[in-house]
Amino acid sequence: MTDTPARPIARAPRGFADKRARDLAAERRILSAVSEVYERYGFEPFDTSAFEYADALGKFLPDADRPNEGVFALTDDDDQWMALRYDLTAPLARFAAQTWDTLPKPFRRYAYGPVWRDEKPGPGRYREFVQCDADTVGSARPEADAEVIAAAAEGLEAAGLPRGAYVLRINNRKLLNGLLATAGVADDRQKLAVLRAIDKLDRLGPEGVRLLLGEGRLDESGDFTKGAGLAPAAIDSVIAFTAVEAGRGDALDRLSNVVGGSEDGAAGVEELARIHQALTGMGLEADRALVDPSVVRGLEYYTGPVFEAELLLQTTDERGEAVRFGSVGGGGRYDDLVARFTGQAIPATGFSFGVSRLAAALRAAGRDAGAGARGPVVVIAFDEARMADYFAAAAELRAAGLPAEVYLGSSGMKAQMKYADRRLSPAAVILGEDELAAGAVTIKNLDLGRQLAGQVSDNREWREARPGQQTLPRAELVAAVRKIVEAAS
RNA sequence: GCCGCCCUAGCUCAGUUGGUUAGAGCGCCAGAUUGUGGCUCUGGAGGUCUCCCGUUCGAUCCGGGAGGGCGGUACCA
């Protein structure tokens, strides 16, 4: 009756993911391609720490002395609340406010790194994930928005999304503000409810949105969502607005007819016109970026143009079922974020995307950036007494820039070959008694064997054929391995 | 947060109308094959039947609660 000692359960925390070589390779490829594009657009590399003081993130419950749920927070030894950043924009605003007088203005930076959100995880939704942002702080020009949009488009393409597989949809908060002002809606809570309702257009359709704009909507699970409470005439004009066909210069005329009567509306259309002209100048036509009044983005803090990158590819999951990826990133203009610190309004605009989400989208689209992940060349270890010979071979390969390792386990040759196979090694290096005595080396091309395996059904035949195996003078090791590795890439 | 469904081996799942030794496929390890990955065959390891409480002579199975997962919905800086 001995108690078994309490052992910890080996498991990753809920909503946190481990990443293996394949995932990391995909994410790194995306980040290096996008970084190169963003730097070409003049955004400087930038990073801040994982923690911020919680008040800098602006997340306090109205009546509590504790940071809001949604952030991971702890108290510092001086009792100040610190929290893990939940996006890259709030730290940027903090940094800009802190160092504004010393910065070259406008300040343009891109950044990527992990962010944390303490909320319910789901498939493809984690509590820690990598974001990548590009922002311009200190320019009110619509051309600054246009450039962020252009850089985003080019970045997505560099990451591996072909042209035509995505589109950036652009809208302007000022259009809706003008529309609502004309309709007599001034309440901020109502405005927010209107935004959230429009955001669900793709899922619920115009009729569902109509309910949410009015009294509210009962969903299939029996839950009731309170509506924005707009008058019927106001609902009609909002629906009519979101139904305006997307486009570029032509869409501006259509929008002007709907919202041009108000001051905000006219200003919004004018900004979109300038974005349109700048995009055209940079060579971005309607196939890559267009004006679409149904785009809203849920965030409260956007003050002007907003944009969203939508995946157009028809993708399928592991079971072959169609998956709509929808948005892979978004952004917009936020002119009040820095003012929280300084009181001085500083205009800013930016674009943000989730790196692993984009990687998943690329994978689903059959453009897996991590598919090329390979293992090292494996040097088979036969004899304790000859380990130095194996390491000499590995060292030669490494010096030539070829990833290589000596098998460090304790199993026999069969298991070592299996190990190399599972590591997706391009080749195994065999330096057995015979080879060492003859000043030779045997190199087995594992890729070739992988190809041939399906055609051979008899094990004896398979073994004796020794597919892709060649014995060469020891001095030709590096050249022969390189040939195999290069053929694979 | 709210509503619904689910939880048996590493994975996907059978099964027990409450009865003593809980199964399959895949995967893993080993052998057939003294130095060769795949296929095939043979053998093996691996389970507090999610957890706790209750009912019962007896619970993986019935009841209650908790936790976890999935779907919808809300929120999403």
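How many bridges join strand β6 (residues 128–137) to β15? Seven, and the two strands run antiparallel. Two strands count as paired if DSSP finds at least two bridges between them.

Before going on, a word on where this comes from: the model is predicted, so local features need pLDDT of at least 70 and side-chain atom pairs count only at pLDDT 80 or more, while totals for chains, interfaces and linings use all residues. Residues are numbered from 1 along each chain as its sequence is written, chains are lettered from A and ligands numbered from 1 in the order in which they are written, and side-chain values use heavy atoms, leaving out hydrogens and water.

**Around strand β15**

Helices (H or I, at least four residues) and strands (E, at least two) are DSSP runs, numbered from the N terminus.

Is β15 enclosed or open? Seven of the seven residues of β15 (residues 348–354) are buried, so the strand is largely enclosed by the rest of the structure. Buried means under 20% relative accessible area, exposed over 50%, and partly exposed in between (1.4 Å probe, protein chains only). Ala-348, Gly-350, Ser-352 and Gly-354 point one way, while Thr-349, Phe-351 and Phe-353 point the other way.

**Two domains**

Chain A is split into domain 1 (21–190 + 234–364) and domain 2 (377–488), with bounds from an automatic or database domain assignment. Their centres, taken over C-alpha atoms, are 50 Å apart.

**Meeting the RNA**

Now for RNA strand B, which has 49 residues around it, the closest being Arg-196, Leu-299, Ile-430, Val-456 and Gln-469. A residue is near the strand if one of its heavy atoms lies within 4 Å of it.

| Side chain (N or O atom) | RNA strand B atom | Distance |
|---|---|---|
| Lys-418 | phosphate oxygen | 3.5 Å |
| Glu-435 | base nitrogen | 2.8 Å |
| Trp-462 | base nitrogen | 2.8 Å |

Elements giving two or more residues to this surface include α15 (433–438) and α17 (459–465). The biggest giver is α14, with six residues.

Technical notes. A polar contact is a pair of N or O atoms within 3.5 Å; within protein, one must be able to donate a hydrogen and the other to accept it, and residues adjacent in sequence count only if both atoms are side-chain atoms.
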